[in-house]
Amino acid sequence: MSIKVGDNAPDFSLPDQHGSTVSLRDFRSKQAVVLYFYPKDDTPGCTAESCAFRDQYEVFKVAGAEVIGISGDSSESHQKFAAKYNLPFTLLSDKGDQVRKLYGATTAFGFIPGRVTYVIDQEGVVQYVFDSMLNFKGHVEETLKTLQQLS
């Protein structure tokens, strides 16, 4: 099952790059969330995508959204990745891909964890889904357009 526009975003709790637990419900009624699933820390495509989110992070904040990246990498891997590229947002460790499966952001080409971005409004409703393995920067551009239309 894939989460679609209009669906309630499933809640979850995962460890971040500092070992703290972050839950989606923590943001409810406070701000929108840009939730992006990516395959792996420190790979060319994932680095390009994460750096594009980094470069627009203040624009996301002004639009009232928090950016959260999720992959199956460990918290330690996320910590190194965030430090290396000065990523100012939260990276969550989804060991076993349970949250990825919950959202239906499973695989690309049958074996690579997919690259899918969700815009979730303050009420927890999915307003936009962008699914593209190769259009790294498109995730940022399309997500910003959606957020600007919501505000």
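Predicted model: local features only at pLDDT ≥ 70, side-chain atom pairs only at ≥ 80, totals over all residues.

Q: Is Leu-147 buried or exposed?
A: Burial is read from relative accessible area, where a value under 20% means buried and a value over 50% means exposed. Leu-147 has a relative accessibility of 2%, so it counts as buried. As for its distance to a residue elsewhere in the sequence, Leu-147 and Gln-56 are 91 residues apart along the chain, and their C-alpha atoms are separated by 13 Å.

Q: What is the relative accessible area of Tyr-103, and where does this residue lie?
A: The same cut-off applies here, since under 20% means buried. Tyr-103 has a relative accessible area of 0% and is therefore buried; it lies in helix H4, made up of residues 98–103. Between the C-alpha atoms of Tyr-103 and Tyr-38, which are 65 residues apart along the chain, the separation is 13 Å.

Q: Which residues are in contact with Thr-90, leaving aside its neighbours within four places in sequence?
A: Again the neighbours in sequence are excluded, and what remains for Thr-90 is a set made up of Asp-16, Gln-17, Val-22, Val-67, Ile-68 and Gly-69. Thr-90 lies in strand E5, residues 90–93, and with a relative accessible area of 19% it is buried, because the limit for that word is under 20%.

Q: How should I read a backbone phi angle, and what is the phi of Ser-29?
A: Phi of Ser-29 is near 70 degrees, a positive value in a residue other than glycine. Ser-29 is found in the loop between strand E2 (21–23) and strand E3 (32–37), and it counts as exposed at 53% relative accessibility. Asn-86 is likewise not a glycine and has a positive phi, of about 50 degrees; its place is the loop between helix H3 (75–84) and E5, where it counts as exposed at 60% relative accessibility.

Q: How far apart in space are Pro-44 and Arg-28?
A: Pro-44 and Arg-28 are 16 residues apart in sequence, and their C-alpha atoms are 33 Å apart in space. Pro-44 has its place in helix H1, residues 44–55, and is exposed, with a relative accessible area of 73%. Phe-27 and Gly-124, on the other hand, are 97 residues apart along the chain, with 8.5 Å between their C-alpha atoms.

Q: How many cavities of 30 Å³ or more does a search of the whole structure find, and which residues line the largest cavity?
A: A cavity is a space where a probe fits but cannot get out. The search finds 1 cavity of 30 Å³ or more, with a volume of about 30 Å³. Its lining consists of Leu-24, Phe-27, Arg-28, Gln-31, Val-33, Ile-120, Asp-121, Gln-122 and Gly-124, which divide into 4 nonpolar, 3 polar and 2 charged residues.

Q: Moving to the whole chain, how many helices and strands does the protein chain have?
A: The protein chain has 5 helices and 9 strands, and from the N terminus its elements run β-β-β-α-α-β-α-β-α-β-β-β-β-α. The radius of gyration is 14 Å, close to the 15 Å that the globule rule gives for 151 residues, so the chain is as compact as a globular protein of that length. Of the 151 residues, 52% count as buried. Among contacts with a separation of 6 or more, 64% are between residues 24 or more positions apart.

Terms used
Residues numbered from 1 in each chain as written. Heavy atoms only, no water. 1 Å grid on protein atoms, 1.4 Å probe; cavity = no way out; pocket = protein on both sides within 12 Å on 5 of 7 lines; lining within 4 Å. Points joined across faces, edges and corners; volume = space filled by probe spheres on them. Nonpolar A, V, L, I, M, F, W, Y, C, P; charged D, E, K, R; others polar. Helix = DSSP H or I, 4+ residues; strand = E, 2+ residues; numbered from the N terminus. Rg over C-alpha atoms; globule rule 2.2 N^0.38 Å. Buried < 20%, exposed > 50% of the residue type's maximum accessible area, 1.4 Å probe, protein only. Contact = heavy atoms within 4.5 Å.
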